[in-house]
Amino acid sequence: MGAIEMRDFATQLGKISGFASRVGGDVATNIGEMGILMQVARQKGGAGSAAQAATSVGQFMETLATPAKLKKYEALTGHNPYADATRRQLQSPEAILRQALLSSGGDAVKLHEIFGKSDARVTTGAANVFNQAGGGESGDAAVVKYFDSLRSSVLSLEDENKAAAEQMNTAAS
């Protein structure tokens, strides 16, 4: 999986899997997307451990449930982060990040105003990829490429379930 080992990912699966239902689409796929956010936080955003990365993912996913943060996001990006009119399911985390990065120009202060300090490891990680590629369309393309590379290495749900079961067996021993 990259920066986060499978056994470490398995210990954090419970912390991140609950957020998968908040995103439009297939829950099993969305669990993988939460794993990608963990990798972004760990590899590029400065999270020191899988636990810290998982906490950052949870905080990132909670951000837009706050009315004040939602208004700031919509004012900056001109986009509704929700996938449906009822505002029950978010767009993909990647789409939310990309809209924010393009609209802010990768400006850490603007991103911090929306996403705050607590989930900065996810947004900082994505912003690092975006800014290192020069921002703008090049930065956006780099973020897409980075997410795609992580997506190709993320565990399948079957693998995640095996890892979680293995972790539970180890803990029981």
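Gln 12 touches Met 38, Ala 50, Ala 51 and Ala 54, leaving aside residues up to four places away in sequence. This polar residue sits in helix α1 and, with a relative accessibility of 10%, counts as buried. The model behind these values is a predicted one.

Stepping back to the overall fold, the protein has nine helices and zero strands. Read from the N terminus, the order of elements is simply α-α-α-α-α-α-α-α-α. The chain has 173 residues, and 43% of them count as buried. Among contacts with a separation of 6 or more, 65% come from residues 24 or more positions apart.

Now for the inside of the protein. In soluble globular proteins, nonpolar side chains tend to be buried together. Here, the largest nonpolar core has 42 residues, and Leu 37, Met 38 and Met 61 have the most contacts inside it. Two or more core residues come from each of α1 (6-17), α2 (27-43), α3 (50-63), α4 (67-77), α5 (93-104), α6 (108-115), α7 (120-132) and α8 (136-153). The top contributor is α2, which gives seven residues. Leu 37 shows how such a residue is surrounded: with residues up to four places away in sequence not counted, Leu 37 touches Val 57, Phe 60, Met 61, Pro 93, Leu 97, Val 122 and Phe 147. Met 38, another of the core residues with the most contacts, is also among the residues touched by Gln 12.

A charged residue turns up in α2 as well: Glu 33 is found in this helix. At 11% relative accessibility, Glu 33 falls under the 20% cut-off and therefore counts as buried.

Two packed helices are described by the angle between their axes and the distance between the axes. For α5 and α8, the axes come within 10 Å and cross at roughly 160°. That angle is over 145 degrees, so α5 is roughly antiparallel to α8. The crossing is right-handed. On the α5 side, the contact is made by Glu 94, Leu 97, Arg 98, Leu 101 and Leu 102, and on the α8 side by Gly 136, Glu 137, Asp 140, Val 143, Val 144, Phe 147 and Arg 151. Sorted by class, this contact has six nonpolar, one polar and five charged residues. Two of its members, Leu 97 and Phe 147, are also touched by Leu 37.

Helix α5 also packs against α4. The axes of these two helices come within 9 Å and cross at roughly 55°, and α4 and α5 are therefore oblique to each other. This crossing is left-handed. Tyr 73, Leu 76 and Thr 77 of α4 meet Ala 95, Ile 96, Gln 99, Ala 100, Ser 103 and Ser 104 of α5. By class, the contact of α4 with α5 has five nonpolar, four polar and no charged residues.

The loop between α4 and α5 holds Arg 87. Phi of Arg 87 is near 60°, a positive value in a residue other than glycine. With a relative accessible area of 38%, Arg 87 is partly exposed.

Conventions. Residues are numbered from 1 along each chain as its sequence is written. This is a predicted model: local features need pLDDT of at least 70, side-chain atom pairs count only at pLDDT 80 or more; totals for chains, interfaces and linings use all residues. Side-chain values use heavy atoms; hydrogens and water are left out. A nonpolar core is a set of buried Ala, Val, Leu, Ile, Met, Phe, Trp, Tyr and Cys residues joined through side-chain atoms within 4.5 Å. Buried means under 20% relative accessible area, exposed over 50%, partly exposed in between (1.4 Å probe, protein chains only). Helices (H or I, at least four residues) and strands (E, at least two) are DSSP runs, numbered from the N terminus. Contact means heavy atoms within 4.5 Å. Axes are lines fitted to C-alpha atoms, for helices over the stretch in contact, and angles run from 0 to 180 degrees between N-to-C directions. Angles under 35 degrees count as roughly parallel, over 145 as roughly antiparallel, 65 to 115 as roughly perpendicular and the rest as oblique. A crossing is left-handed if the near helix is turned anticlockwise from the far one by less than a right angle, and right-handed if clockwise.
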